[in-house]
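Biologist: I have a model open and would like to go through it with you. Can you put it up?

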Amino acid sequence: MEILDLRHFSSVDLRSLLNDEIHVWSRMLSWDYSGSSDMILRYVDAKILPGYAAIDRGQIFGYAFFVYEGSKGVIGDLFVANGARLPNPQEVESRLLMHVIETLQQSPGIHRIESQLLLHQTGVVSRPFLEQGFHRHRRLFMVEPLGNIGKSPRYALDKDIQIRRWSEQDYQTAAAVITTSYRGHVDSQINDQYRSLSGSLRFLNNIVRFPGCGTFDSDSSFVAVHKGARNVIGLILCSRVRHDVGHVTQVCVLPEYRSHGIGEWLLAATADNLRERNFSILSLTVTEENTRAVELYRHLEFEVKRVFDAFVWEG
Ligand SMILES: CC(C)(COP(=O)(O)OP(=O)(O)OC[C@H]1O[C@@H](n2cnc3c(N)ncnc32)[C@H](O)[C@@H]1OP(=O)(O)O)[C@@H](O)C(=O)NCCC(=O)NCCS
């Protein structure tokens, strides 16, 4: 087995591996990965995707890639085919990760590395990260079959608060709400975009304009507005990750408005909209330490489907 630079290969070499990966995303997360897979294959053909491939007898059976975002490297994916005749697939995963981590740590100007590998159960690929000084945060992938969620929120909404559909004009104010909501929050250790207004705008841009995390679904995305002051005080963003599955990519409420039921009303608005459009599942991810959010989701009958890790390194 050899580990080679991904840029030596083309989409023809990688397609069958990615088809396997599409099946795994579908089975484990009810996620249609074909849009992401197409994007990866286009980048591979353009020779602009940095990463590594695991090769045996001329065939790729595993790969990992990363992207540069300013002074940060983000590990985008790691996948080793299940059907490969490997005595120890985890050994291959570790080797791919070691190559990626070393490359990033040695890249001039890279001071931070982030990674969230949803397909990998917590602990399974942690060794190379922990050996290289990464911090680890457990995250939960939660799902709710859109049964009763949101049909009757527990608390009446304050009369000053209105929930309305997301609009393009909400961009700037939404970025400000995100930055304030995550000040001192564990999620801003995991994703440093939350720490500044410009970072939150980049986060929004990635979610709304790029198909990396499903396709943004403006119909099921909402903002909470204070009617008097007319400013946005909370928001929920949802993407379509399969024809009938919505995924909450962001939900937050300004600190001074919390514990008034606004978070629940936002989730209810999204769930109602998806139900009306015959979606069958709503999913989200949450950091285990974020007990306030986890509690809320459990009350709404979300269940933990997977536990995975977020890793962060700062050099
Ligand atoms: C998570 C978050 C969005 C929740 O928003 P929120 O508006 O406080 O949510 P709610 O008010 O609906 O629910 C919070 C708690 O207040 C309670 N509550 C709400 N209104 C209440 C009322 N009138 N009387 C008593 N309790 C009330 C709810 O029961 C809930 O408690 P529970 O979790 O034990 O069920 C908010 O805490 C936040 O923005 N956090 C920072 C960002 C974040 O963590 N986002 C989630 C990332 S996955």
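This is a predicted model: local features need pLDDT of at least 70, side-chain atom pairs count only at pLDDT 80 or more; totals for chains, interfaces and linings use all residues.

Biologist: Domains to start with. Where is the chain divided?

Modeller: Domain 1 covers 2-133 and domain 2 covers 142-306. Taken over C-alpha atoms, the centres of domain 1 and domain 2 are 29 Å apart.

Biologist: And how many residues does each domain put into the contact?

Modeller: Domain 1 puts in 11 residues, and domain 2 puts in 11 residues.

Biologist: On the domain 1 side, which elements supply at least two residues?

Modeller: Those are α2 (34-45) and β5 (112-116). The most comes from α2, with 3 residues.

Biologist: What is that side made of, by class?

Modeller: The side of domain 1 that touches domain 2 has 3 nonpolar, 4 polar and 4 charged residues.

Biologist: Staying with α2, how does α1 cross it, and at roughly what angle?

Modeller: Helix α1 is residues 11-29, and its axis comes within 10 Å of that of α2, crossing at roughly 160 degrees. Angles over 145 degrees count as roughly antiparallel, so α1 and α2 are roughly antiparallel to each other. The crossing of α1 past α2 is right-handed.

Biologist: Which residues make the contact?

Modeller: From α1 there are S11, L14, R15, L18, E21 and I22, and from α2 there are S34, S37, I40, L41, V44 and D45. By class, the contact of α1 with α2 has 6 nonpolar, 3 polar and 3 charged residues.

Biologist: Different pair now. At what angle do α5 and α7 pack?

Modeller: Helix α5 (residues 171-181) packs on helix α7 (residues 197-209) at about 115 degrees, and their axes are 8 Å apart. The crossing of α5 past α7 is right-handed.

Biologist: Who meets whom there?

Modeller: On α5 the residues are Y171, A174, A175, A176, I178 and T179. They meet L197, S200, L201, F203 and L204 in α7.

Biologist: Last topic, the ligand. Which residues come nearest?

Modeller: There are 22 residues around the ligand, and C252, R258, G263, E264 and E295 come nearest. The elements giving two or more residues to the shell are β11 (245-253), α8 (262-276) and α9 (291-299).

Biologist: Which element gives the most?

Modeller: That is α9, with 5 residues in the shell around the ligand.

Biologist: And how do the shell residues divide by class?

Modeller: The shell around the ligand has 9 nonpolar, 8 polar and 5 charged residues.

Technical notes. Residues are numbered from 1 along each chain as its sequence is written. A residue is near a molecule or strand if its C-beta atom, placed from the backbone, lies within 6 Å of it. Helices (H or I, at least four residues) and strands (E, at least two) are DSSP runs, numbered from the N terminus. Ala, Val, Leu, Ile, Met, Phe, Trp, Tyr, Cys and Pro count as nonpolar, Asp, Glu, Lys and Arg as charged, and the others, Gly among them, as polar. Axes are lines fitted to C-alpha atoms, for helices over the stretch in contact, and angles run from 0 to 180 degrees between N-to-C directions. A crossing is left-handed if the near helix is turned anticlockwise from the far one by less than a right angle, and right-handed if clockwise. Two residues are in contact if their C-beta atoms, placed from the backbone, lie within 7 Å. Domain bounds come from an automatic or database domain assignment. Angles under 35 degrees count as roughly parallel, over 145 as roughly antiparallel, 65 to 115 as roughly perpendicular and the rest as oblique.
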